[in-house]
Amino acid sequence: MSQRSIGSPGPAVSVAAQMSELIELLEVVWERGRDTASAPPVSSAQARVLFLVEANGQLNLRELGRLLEAAPPSVTRLCDRLQAVGFLERHPGADDRREVLLRLTPTGRTYLERLRARRQEVLAEAMAAMPETSRAALATGLADFCAVVANPLRLPSSESFTTRTA
């Protein structure tokens, strides 16, 4: 990465370019963690499904497709594979039995816990080499960044939905 720090003054485009470079490096770290977290191999796309289902408690296939910005057949295949390895389960909706709700299984939750632990180990090693003031500044900036980025990945609460009739 370049010598200029991400927090240095500059246009948002420059900071975004530096964040992009950082994310590319993190993807390498993430892949290492994913490969060592569990016996069944889980692709990056499948891991995203697990994270989104976990973050939302449960999702239906349509909502998941919208969050992934993926076509229904692709979403169905991803979920088929995750169900086959025991990470995801499908249930009929309470109000509409044609609706399929997705939930993590205990095995899926354990996988995500192990994955996060492995990734955190790798990141902690790298961060230990940083000066304390830099770690504190990074923590503050990342908290703000995560708050902005995470919001669109969660569905609105069911209370905010209005009931529509045909």
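Tutor: Start with a term. Partly exposed means a relative accessible area between the buried class, under 20%, and the exposed class, over 50%. Keep in mind that this is a predicted model.

Student: Which class does Glu121 fall in, buried, exposed or partly exposed?

Tutor: Glu121 has 45% relative accessibility, so Glu121 counts as partly exposed. Glu121 also has a charged partner. Arg118 forms a salt bridge with Glu121, and their closest N and O atoms are 3.6 Å apart.

Student: What is the general idea behind such a pair?

Tutor: Side chains of opposite charge can pair when their charged atoms come close. In this structure, a search of the whole model finds 4 salt bridges.

Student: Where do Arg118 and Glu121 lie?

Tutor: Both are in helix 5. They sit 3 residues apart, about one turn of the helix. Arg118 has a relative accessible area of 26%, so it is partly exposed.

Student: Which residue forms a salt bridge with Glu54?

Tutor: Arg116 does, with the closest N and O atoms 2.5 Å apart. This pair links distant parts of the chain. Glu54 belongs to helix 2 and Arg116 to helix 5, and the two are 62 residues apart.

Student: Are Glu54 and Arg116 buried or partly exposed?

Tutor: Glu54 is at 27% relative accessibility, so it counts as partly exposed. Arg116 is at 31%, so it is partly exposed as well.

Student: How do I read the crossing of helix 2 and helix 5?

Tutor: Look at the axes first. Helix 2 spans residues 44-56 and helix 5 spans residues 106-128. Their axes come within 11 Å and cross at roughly 110°. Angles of 65 to 115 degrees count as roughly perpendicular. Helix 2 and helix 5 are therefore roughly perpendicular to each other.

Student: Which residues make that contact?

Tutor: From helix 2, Leu50, Phe51 and Glu54 take part. From helix 5 come Arg109, Tyr111, Leu112, Leu115, Arg116 and Arg119. Sorted by class, the contact of helix 2 with helix 5 has 5 nonpolar, no polar and 4 charged residues. The Glu54 and Arg116 salt bridge joins two of the listed residues.

Student: Now helix 3. Which of its residues are buried?

Tutor: Helix 3 runs over residues 61-68, and Glu63, Leu64, Gly65 and Leu67 are buried there. These buried residues pack against helix 2, strand 1 (59-60), helix 4 (72-84) and strand 3 (100-104).

Student: Which residue caps the N-terminal end of helix 3?

Tutor: Asn60 does. A side-chain oxygen of Asn60 lies 3.0 Å from the backbone nitrogen of Arg62. The Asn60 side chain also reaches the backbone nitrogen of Glu63, at 2.7 Å.

Student: Where is Asn60 placed, and is it buried or exposed?

Tutor: Asn60 is in strand 1. Its relative accessibility is 4%, so Asn60 counts as buried. Leaving aside residues up to four places away in sequence, Asn60 touches Glu99, Val100, Leu101 and Leu102.

Student: What follows helix 3?

Tutor: Glu69 does. The phi of Glu69 is positive, near 55°.

Methods
Residues are numbered from 1 along each chain as its sequence is written. This is a predicted model: local features need pLDDT of at least 70, side-chain atom pairs count only at pLDDT 80 or more; totals for chains, interfaces and linings use all residues. Side-chain values use heavy atoms; hydrogens and water are left out. Axes are lines fitted to C-alpha atoms, for helices over the stretch in contact, and angles run from 0 to 180 degrees between N-to-C directions. Helices (H or I, at least four residues) and strands (E, at least two) are DSSP runs, numbered from the N terminus. Angles under 35 degrees count as roughly parallel, over 145 as roughly antiparallel, 65 to 115 as roughly perpendicular and the rest as oblique. Contact means heavy atoms within 4.5 Å. Ala, Val, Leu, Ile, Met, Phe, Trp, Tyr, Cys and Pro count as nonpolar, Asp, Glu, Lys and Arg as charged, and the others, Gly among them, as polar. A salt bridge is a side-chain nitrogen of Lys or Arg within 4 Å of a carboxyl oxygen of Asp or Glu. Buried means under 20% relative accessible area, exposed over 50%, partly exposed in between (1.4 Å probe, protein chains only). A polar contact is a pair of N or O atoms within 3.5 Å; within protein, one must be able to donate a hydrogen and the other to accept it, and residues adjacent in sequence count only if both atoms are side-chain atoms.
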